[in-house]
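Me: I would like to learn how to read the packing of helices and strands in a model. Please take me through the features in turn.

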Amino acid sequence: MKQKLFYSVSLFLIGLFSNAELLAQSESIKKSPSLKIGIFAQLYLDSIFTSNNNFKYKQGIPRFVLPAIEFIQGAEIALDSLRSGNVNIDAVIYDTKSYTESVADLIRKKKLDELQLIIGNVKDAEYVDLAAFALLKNIPFISATYPNNAGITNNPFLVIVNSTLKSHCEAIYSYILQNHGTDKIYLFRQKGTQEDMVAGYFKQLNEREGKPLLKIQTVNFDNDATVEFLISKLDSNRKNIIIGGSLDENFASNIAHAGNQLYPNYPITLIGMPNWDGFSSLQKKDNFEKFPIYFTSPYFNDKEDGFSKMLIDTYFKKFKIKPSDMAFKGFESVYQYAKLLALSPENFMNNINDKSVKVFCDYNFKPVVLKKDKVIPDYFENKHLYFIKILNGSFSKAW
C-alpha cells in the first residue's frame, strides 16, 4: 500500500511541478473562461524536487507534504466533476511555499487580480496575505482548513470553514445549558496557555450577565487523573458532565481511562476539545468499549451519500487508495463554493449559506463582530458544529 501511495502521489507531484503555472487547467483553453478561481495549498514543491525535477526523498513522500497533496487531489476531482456538469471554470493551483513566487510575490506582480474566488488550505503569513488581498479586491476567501482568524479584523470577505476554538466552546456551553443545567458540571484542566484560553471562554460565556448562569466547578491538576482522583471530585448519585478543557493528548487519555473505569457506576458524560478526534489513544478498539467520549467538529461525513461514493470510486481509480479526510475537504470546498460562485457570481457573500450547494456537511456562516459598536463584520465563521461520539474505536454523530 505504501508503494502504491508513493507511486501515485509522486506522479501527481511531478505533474504539478512540470508546469510552470503549476496547474492552469487545460479545459479553460478549449472555451472562454467564466469563473476564475485560485486554489492555494502548502505543497513545498521547491523543497522536495531538485531544479532538474528529480524527487529528493528516497524514503517516500515526506509526511509534512501529504495533507496539502491530498487536499489538492480532492480539489482536482471536484473541478473535473464540475466541468462535466458544464460549469465553466478557469482554476489555477498555487504552491504557497514556492521559493520563486510566494503569495506576496503573486500579489505584487498582479497575477491574482482576475480571481473571483480564493480557496485556501493555508496558514501563517500566506493566510494573512491572502486575507488582505481578498479585502482589497473584494474577493471571497474561503479558508477551508485553518481554525483561526490569525488576528484578522474588519474583513467581511474572509470565510472560516473550520470553526475557531472559541466557537467550539460556545457550542459545548450551549449544549450543556440546554440539556444539563441542573447536573454536576466540571471543567477539568491543567496548566497551560491554551488551557487558560479555554477556561477564559467558558468563564466569559457563563458570566455574560455579570454572574454565573451555570454552576461550573473548575478542577485543576498537574498529575495523572486517576480513578481515586475522580472519585474525590464526582458525585455517584448525579449526572457528571466533564468538559475536558485541554488540547493535550495525555490529559485526554488520562481522564478518559479513569472515567471508563468508573462508568456506569458514576454517570459521566465526557466532552473534549475539537482536536481529540486525532488522538490515537482514544480510538483504540476495546479501550473504551462502553464508555463514550464526545467532541465537537465542523465536519461529519458517514460517506454514504452520492458525492462521497463518487469521490471514493474516482480517487481509487486514480491513486489506488482510499481518499483521506483532507481529500474530502479539498473536494467539498472546491465543488461547493465554485458551484455557489456559478450560481451567484455577483452576490456570493450574501448567499454563502445557500443549502442547494451542500456537498457533505451542514454549514452555518455568521458574521463575527469582535467589538459591539462595529457595523462591518470582522469575518464570517461557520457556527454549525456536530457533536461526535467515539465508542469502541468508532465515530458516529451523537447530536
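**Helix packing and sheet order**

Reply: In this predicted model, helix H7 (residues 165-179) and H8 pack at about 50°, and their axes lie 10 Å apart. Helices (H or I, at least four residues) and strands (E, at least two) are DSSP runs, numbered from the N terminus. Axes are lines fitted to C-alpha atoms, for helices over the stretch in contact, and angles run from 0 to 180 degrees between N-to-C directions.

Me: What conventions apply to the numbering and to the values?

Reply: Residues are numbered from 1 along each chain as its sequence is written. Local features need pLDDT of at least 70, side-chain atom pairs count only at pLDDT 80 or more, totals for chains, interfaces and linings use all residues, and side-chain values use heavy atoms, with hydrogens and water left out.

Me: How are H7 and H8 oriented to each other?

Reply: Two packed helices are described by the angle between their axes and the distance between the axes. Angles under 35 degrees count as roughly parallel, over 145 as roughly antiparallel, 65 to 115 as roughly perpendicular and the rest as oblique. H7 and H8 are therefore oblique to each other. Among the residues in the contact are Cys169 and Tyr173 of H7 and Val198 and Phe202 of H8, where contact means heavy atoms within 4.5 Å. The residues of this H7 and H8 contact comprise 9 nonpolar, 2 polar and 2 charged. Ala, Val, Leu, Ile, Met, Phe, Trp, Tyr, Cys and Pro count as nonpolar, Asp, Glu, Lys and Arg as charged, and the others, Gly among them, as polar.

Me: Which residues of H11 meet H12?

Reply: Phe307, Ser308, Met310, Leu311, Ile312 and Tyr315 in H11 face Ala327, Phe328, Phe331 and Tyr335 in H12. This contact of H11 with H12 has 9 nonpolar residues, 1 polar residue and no charged residues. H11 and helix H12 (residues 325-343) pack at about 120°, with axes 11 Å apart; H11 and H12 are therefore oblique.

Me: At what angle do the axes of H4 and H11 cross?

Reply: The axes of helix H4 (residues 66-84) and helix H11 (residues 306-319) cross at roughly 110° and come within 11 Å. H4 and H11 are therefore roughly perpendicular to each other. The contact of H4 with H11 has 5 nonpolar, 3 polar and 3 charged residues.

Me: In what order do the strands of the open sheet lie?

Reply: Strands of a sheet pair through backbone hydrogen bonds, either parallel or antiparallel. Here 7 strands form an open sheet in the order S8-S7-S9-S10-S11-S14-S15, with mixed pairing; two strands pair if DSSP finds at least two bridges between them. Strand S8 (216-220) and strand S15 (394-397) are the edge strands, each pairing on one side only. Strand S9 (residues 240-244) and strand S10 (residues 268-271) run parallel and are joined by 4 bridges. Isoleucine 241 has threonine 269 in S10 as its bridge partner. Helix H8 (residues 193-206) packs on the sheet, touching strand S7 (184-189), S8 and S9.

Me: Which peptide bond is cis?

Reply: The bond from tyrosine 263 to proline 264 is cis, with omega near 5°. Proline 264 lies in the loop between helix H10 (249-262) and S10.

Me: What is the average pLDDT of the protein?

Reply: pLDDT is the predictor's confidence in each residue, from 0 to 100. The protein averages 90, and 90% of the residues score at least 70. Over residues 1-7 the pLDDT is below 50.
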